[in-house]
Amino acid sequence: HGVSVVAVDGPAGSGKSSVSKAAARRLGFAYLDTGAAYRALAWHALDTAIDLDSADAVVASLHGFAYAISLDPADYGVRVGATDVTEAIREPRISEVVSKIARVPEVRGHLNTLFGGLIAGCGRPGIVVEGRDITTVVAPEAPVRILLTADEAVRLSRRSAELGGASAEALAQQLSARDRQDSKVVDFMTAADGVTTLDSTHLDFDQTVDAVVELVHRVV
Ligand code: C5P
């Protein structure tokens, strides 16, 4: 009974999205990118020009927020209303403001309820759920809980390659600023009790996916 949840947390640029998606494909599991939901809400807030520094305005914006995400790791996509925002939510203008939204407790509560429904109704034997507070808040009872880390220099060079060689310095500042903001809200730099730390600093992409799949096969 129930859905086997694989919970994956980690900092920006740890590769958790691509690793989690690939692991889900290999396992035949669904895939949920919770950061995409925070990003989609940030997109919606910018689209409707609300004041991001006002927690009240951010909370009010939840009412008109019609969010849809595909849980199929082979066909990933995010929509807000009728708009496909899969690409748009990766833009720097979103990364720059998303932490302001994520720090509002009502936003976290609202999205967590949504995540609970998506997980329960995912229609597969398991789901890989990835974010910052999955191992601790969203799915603390998950049979597999992983903190995916990598040294900061490695995270930066991977993210910069992913973005087609964006200015390294600007990126470094943006990533560490975002991690600093996010760390005030959730601690995703240290593994909670019972969470396995997977350090990918010296692993390539396939080796990291292998390690995740192996951890899952040990338990599920
Ligand atoms: O994972 P990603 O970097 O795309 O997440 C975007 C932002 O969403 C994070 O910087 C953080 O502010 C927020 N987030 C969060 N809790 C999660 C996932 C993402 O606060 N579980």
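Reader: I picked out Gly 10 in the structure. Is Gly 10 buried or exposed, and why?

Author: Good place to start! A residue counts as buried if 20 or more other C-beta atoms lie within 10 Å of its own. Gly 10 has 27 C-beta neighbours inside 10 Å, so Gly 10 counts as buried. Bear in mind that this is a predicted model.

Reader: How do I read the confidence of the prediction, and what is the mean pLDDT of the protein?

Author: The general idea is this: where pLDDT is low, the predicted coordinates should not be read in detail. Here the mean pLDDT of the protein is 94, and 99% of its residues reach 70 or more. The model also scores ipTM 0.99 and pTM 0.95.

Reader: Back to Gly 10, then. Where is Gly 10 found?

Author: Look at the loop that runs between β1 (4-9) and α1 (16-27); Gly 10 is found there. Leaving out residues up to four places away in sequence, Gly 10 touches Lys 16, Leu 147, Leu 148, Thr 149 and Phe 188.

Reader: What about Pro 11: which residues does Pro 11 touch?

Author: Pro 11 also has its place in the loop between β1 and α1. With residues up to four places away in sequence not counted, Pro 11 touches Arg 155, Asp 179, Phe 188 and Met 189. Pro 11 is buried, because 21 other C-beta atoms lie within 10 Å.

Reader: Which residues does the UniProt annotation "binding site" cover?

Author: According to the UniProt record, an unreviewed entry, "binding site" covers Gly 10, Pro 11, Ala 12, Gly 13, Ser 14, Gly 15, Lys 16, Ser 17 and Ser 18.

Reader: Now the ligand. Which residues come nearest to the ligand?

Author: There are 14 residues around the ligand, and Gly 35, Tyr 38, Ala 102, Gly 131 and Arg 132 come nearest. The elements giving two or more residues to this shell are α2 (34-47), α5 (98-102) and α9 (168-183). Of these, α2 gives the most, with four residues. Sorted by class, the shell holds five nonpolar, four polar and five charged residues.

Reader: Last one: how do I read a sheet, and in what order do the three strands of the open sheet stand?

Author: Strands of a sheet pair through backbone hydrogen bonds, either parallel or antiparallel. In this structure, three strands form an open sheet in the order β3-β4-β5, with antiparallel pairing. β3 (67-69) and β5 (83-84) stand at the edges with a single partner strand each, so one side of each has no neighbour in the sheet. Between β3 and β4 (residues 78-80) there are three bridges, and Ile 69 stands opposite Val 78 in β4.

Note on methods
Residues numbered from 1 in each chain as written. Predicted model: local features only at pLDDT ≥ 70, side-chain atom pairs only at ≥ 80, totals over all residues. pLDDT = per-residue confidence, 0-100. UniProt positions renumbered as here; feature names shortened; annotations may be inferred. Buried ≥ 20, exposed ≤ 12 C-beta atoms within 10 Å, placed from the backbone. Contact = placed C-beta atoms within 7 Å. Near = placed C-beta within 6 Å. Nonpolar A, V, L, I, M, F, W, Y, C, P; charged D, E, K, R; others polar. Pairing = 2+ DSSP bridges.
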